[in-house]
Amino acid sequence: MSKKNSSQTRPGQIRRRRPKPQAPAQTPQKAAQQSKLLRFLPTVLIPHGVAVLLVIILAVASLMFTNSSMVNLSATIAQLWLSLNLGAVDGSGEVISVLPTLPGFIFLWAIAARIHRAVKDRVSIADLGVLAALVLGIPLALTAIAAFMLFDASSVLNVEVPPITRLLRVMLFHLSALFLGMGPRLWQALARRYGAPEWLIDAITQAFRFLIAFGTVSLVSVLVMTAINHSAFTATMQGYDDSASVVALIVLSILYLPNMMIFAMGNLIGSPLYFGDASISVFSVHSVPLPPLPILAALPSEALSWAVALLVIPAIIATWVCVRNPMRLAVNTTAAVISALCFLVLAVFAGGTLGVYNYVGLNLLASVGLVFVYFALVGLLIAGIDKLRNPVEVKSVKAVAVVEPEPEEVEEDEEEHVEEEVDEEEEEVEEGVEEVEEDDAEDPEENPEEEESDEEIETETEAEETNDGSEAEDR
């Protein structure tokens with residue numbers, strides 16, 4: 001057949017066009033990363049979006065009620081955002097980083113609650129990486145925007161960008177939210193995965209029990225001291241005629257209440273509180289004129305003769321915590337270290353620079369050392385007493401085990417024991433078959449590529465019960 005008569009060159013034949021090359025499909029790994037990002041983005045973005053919206057509303061309302069120009073709006077929004085994240089505010093040549101911690105702690109709790117809800121059941125290492133990047137990246141971006149707004153407004157208004165060292169508190173703030181939001185079950189799963197001692201989680205829990213109990217007692221002491229010095233509390237508000245100023249002072253005092261609680265914790269542990277040139281402790285008081293804030297009435301104007309007896313309070317609280325939850329010596333010592341570090345973070349959030357007063361806050365080195373010493377000594381005593389009691393119980397058990405039963409009773413016991421073991425093995429086999437059938441019927445097929453790339457960490461109830469059983473045996 002010639003080329004002219006071939007079927008490939010027949011006239012009128014329609015040639016099929018080759019399909020255009022399409023973009024390559026996304027790899028499973030890239031698709032998995034996008035799904036993780038879409039899963040955890042609302043977890044972090046929603047509380048930050050709500051916070052930004054509230055900050056804008058509060059900024060507009062404050063400018064309207066004070067009859068200020070809307071030119072100040074951008075700077076006001078930026079300063080309120082930094083205040084909410086316990087950063088710092090710089091204006092009129094003065095830096096203020098002693099900010100009210102109650103709104104910040106509420107914001108921290110909201111972020112931690114959202115994180116805990118997202119990771120409480122099952123999560124992978126890749127998920128944790130994406131979540132940590134979002135938890136730190138979103139507030140870092142918002143803080144950078146706030147700093148740029150302040151820098152832009154500094155040419156018109158008397159505001160400045162706070163020092164970078166003060167802005168690092170924003171990162172510490174959100175790292176604390178991530179640490180609290182992960183929860184003890186996830187930390188236990190991570191400890192099992194990387195071979196860390198699981199009693200480390202017990203030490204963290206023990207430290208938080210001590211700090212929560214100590215903080216509650218300190219808050220009660222602040223309220224009691226405010227009631228005792230009620231004359232100074234009311235005298236602060238007498239200089240204002242309008243009721244709006246009085247209400248604003250009371251609201252501001254409530255917002256600073258956690259700061260005063262942390263300062264009281266330091267005083268009760270024996271650490272001095274510095275308020276500029278003033279020094280306040282249970283041993284001595286050197287006072288100076290304080291700002292007109294009613295809650296400062298809780299600070300004593302002179303050292304009382306019986307105030308030294310208050311140093312017993314943290315020792316009693318540590319004893320109560322260690323007796324209710326007796327741990328080994330290593331656990332109690334580690335709990336003392338963790339308590340000291342957590343209290344250091346609280347003291348950093350509560351204190352800082354306050355304009356012409358310069359530094360306002362606790363002596364950080366003394367506070368950390370005294371918290372460690374109190375808890376470590378009490379934990380050492382409780383662990384020693386518990387260790388002295390255990391050998392007596394062990395000896396009594398061995399003494400009972402020495403009594404040998406009669407041969408006939410031994411044979412009967414062995415037969416009953418063998419029968420019980422056989423019955424238990426049959427029940428376990430039946431339960432295992434039922435579980436396998438249920439799993440095959442209920443569980444959908446999983447993507448093998450995702451199983452290879454992301455190994456999930458189980459934090460379900462079964463893993464927790466197994467961990468609780470091993471912890472009970474260790475104790």
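**A walk through strands and rings**

Let's start with a charge and a ring: the charged end of Arg193 sits over the ring of Tyr194, 5.6 Å from the ring's centre. Keep in mind as you look around that this is a predicted model.

How many aromatic pairs does a search of the whole structure find? The count comes to 8. Take Trp81 and Phe107, whose rings form an edge-to-face pair, with 6.2 Å from centre to centre and 65 degrees between the planes. This pair links distant parts of the chain: Trp81 belongs to helix H2 (residues 73–84) and Phe107 to helix H3 (residues 101–119), 26 residues apart. Are these two residues buried or exposed? Trp81 has a relative accessible area of 5%, so it is buried. Phe107 is buried as well, because its relative accessibility is 6%; the cut-off for buried is under 20%.

Now for a pair with another geometry. Phe179 and Phe208 are stacked, with 6.4 Å between the centres and 25 degrees between the planes. Phe179 lies in helix H5 (residues 164–194) while Phe208 lies in helix H6 (residues 199–228), so their pairing ties together parts of the chain that are 29 residues apart in sequence. As for accessibility, Phe179 counts as partly exposed at 32%, and Phe208 is partly exposed too, with a relative accessible area of 26%.

Back to Trp81 and Phe107 for a moment: ring pairs link these two with Phe173 and Phe349 into a cluster.

Next, the strands. In what order do the 3 strands of the open sheet come? The order is S2-S1-S4, and the pairing is antiparallel. Strand S2 (94–96) and strand S4 (159–160) stand at the edges; each has a single partner strand, so one side of each is left without a neighbour in the sheet. Zoom in on strand S1 (residues 89–91), which pairs with S4 in the antiparallel sense over 2 bridges. If you'd like a residue to look for there, pick Asp90, whose bridge partner in S4 is Glu160.

Glu160 also leads us to Ser154, a residue in the loop between helix H4 (125–153) and S4. Leaving aside neighbours within four places in sequence, Ser154 is in contact with Val159 and Glu160. How far is Ser154 from Ala75? In sequence they are 79 residues apart, but in space the gap is 8.5 Å, C-alpha to C-alpha. With a relative accessible area of 25%, Ser154 is partly exposed.

Strand S5 (residues 273–275) and strand S9 (residues 359–362) pair in the antiparallel sense, over 3 bridges. Here Leu273 has Leu362 in S9 as its bridge partner. S9 also runs antiparallel to strand S8 (residues 352–353), joined to it by 2 bridges. In that pairing, Gly352 has Val360 of S9 as its bridge partner. S8 and S9 form a hairpin with 5 residues between the strands, and in this hairpin Gly355 takes a positive phi near 55 degrees.

Definitions and conventions: Residues numbered from 1 in each chain as written. Predicted model: local features only at pLDDT ≥ 70, side-chain atom pairs only at ≥ 80, totals over all residues. Heavy atoms only, no water. Pairing = 2+ DSSP bridges. Helix = DSSP H or I, 4+ residues; strand = E, 2+ residues; numbered from the N terminus. Buried < 20%, exposed > 50% of the residue type's maximum accessible area, 1.4 Å probe, protein only. Contact = heavy atoms within 4.5 Å. Phe/Tyr/Trp six-rings, centres within 6.5 Å; stacked < 30°, edge-to-face > 60°. Lys NZ or Arg CZ within 6 Å of the ring centre and 35° of its normal.
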